[in-house]
Amino acid sequence: PNNLKPVCSASDGLYRALQGATQGIIGPDNYVEYGPLIAGGLLRVRLELCVVESFFNEAVLPFVKQNGLTWVLPLHETVETFVAGSIFALATTFILVGSTKIVTVLVTYSDLLVGAPCRLFGGFFFDRAQDKPVTLDVGVGFFKTRVMGPPVPASEEKLWRKGIEIDPPSVWDVDWDNISPSKYPVIFTSGSVKALGESSKFVRKLTEAVDLFVGRYLVLVASGYLGIKFLHFKVFPDFPFS
């Protein structure tokens with residue numbers, strides 16, 4: 001038992017972590033009372049992630065390790081390469097279309113609970129250490145207005161009224177010549193916290209982009225790939241050398 005390695009070790013670890021976090025947030029008494037409901041939701045998450053994990057760990061990686069990637073689009077299509085490519089395309093489509101939603105939800109909540117506070121507080125102290133004013137702009141284009149902070153320069157406001165957005169300066173630009181060395185620790189610390197929040201935001205956007213691609217285009221890509229494999233196998237098996 002001590003050497004037993006679960007089939008979905010990563011999914012099981014995440015399940016235990018979510019279980020412990022939930023119990024810590026709502027308390028042991030409430031956890032017991034609402035245990036079946038909580039367990040059902042967490043097990044659903046664990047199941048979806050386990051499907052993806054086991055598919056890649058037990059099917060894809062061993063097959064690629066043994067056979068390489070020559071079956072993807074070989075110069076000479078055989079029964080083995082056609083079956084391998086077709087099964088991989090179909091299995092990947094069915095598995096990823098359902099599972100990427102769960103991953104996106106988890107990453108979104110992680111960014112909301114960890115990334116957003118890091119960006120908010122880290123960015124606030126990062127800017128205050130540089131003596132930058134607090135600004136808050138509301139609206140888009142013609143309707144954009146500043147509700148907090150120094151007034152907008154006339155030239156910039158004129159562009160706003162025309163619906164032209166101005167690219168803001170990089171949030172990481174620091175004028176070290178005009179900053180007191182005593183503020184360096186605050187800048188480095190708050191900058192690190194802000195960088196963690198920005199990294200979380202990048203991961204969230206990347207996950208959303210993958211989920212969007214899987215939901216909209218993966219079926220089309222897989223269908224096109226299957227069509228190419230079929231034509232290559234039945235009609236032009238030796239293309240482009242035939």
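Colleague: Which handedness does the link of C8 and C50 have about the S-S bond?
Modeller: In this predicted model, C8 and C50 form a disulfide, with their sulfur atoms 1.7 Å apart. That separation meets the cut-off of within 2.5 Å for a pair of cysteine sulfur atoms. The angle about the S-S bond is 55°, and the link is right-handed.

Colleague: How many residues apart are C8 and C50, and which parts of the chain does the pair link?
Modeller: The disulfide of C8 and C50 links distant parts of the chain. C8 lies in the segment before α1, whereas C50 belongs to helix α3; the two are 42 residues apart.

Colleague: At what angle do helix α3 and helix α4 pack?
Modeller: Helix α3 covers residues 35–67 and helix α4 residues 79–129. Their crossing is left-handed. The axes lie 9 Å apart, at an angle of about 145°.

Colleague: How do the residues of the contact of α3 with α4 divide into nonpolar, polar and charged?
Modeller: On the α3 side the contact includes V45, E48, L49 and F55, and on the α4 side F88, T92, I95 and L106 are among the residues. The residues of this contact divide into 16 nonpolar, 3 polar and 1 charged.

Colleague: Which residues are the closest to the centre of the second largest pocket?
Modeller: The second largest pocket holds about 410 Å³ of space. Its lining draws at least two residues from each of α1 (9–26), α3 and α4, and by class it has 12 nonpolar, 2 polar and no charged residues. Of the 14 lining residues, the closest to the centre are L18, T22, L106, Y109 and L113.

Conventions. Residues numbered from 1 in each chain as written. Predicted model: local features only at pLDDT ≥ 70, side-chain atom pairs only at ≥ 80, totals over all residues. Heavy atoms only, no water. Axes fitted to C-alpha atoms, helices over the stretch in contact; angles between N-to-C directions. Helix = DSSP H or I, 4+ residues; strand = E, 2+ residues; numbered from the N terminus. Left-handed = near helix turned anticlockwise from the far one by under 90°. Contact = heavy atoms within 4.5 Å. Nonpolar A, V, L, I, M, F, W, Y, C, P; charged D, E, K, R; others polar. 1 Å grid on protein atoms, 1.4 Å probe; cavity = no way out; pocket = protein on both sides within 12 Å on 5 of 7 lines; lining within 4 Å. Points joined across faces, edges and corners; volume = space filled by probe spheres on them.
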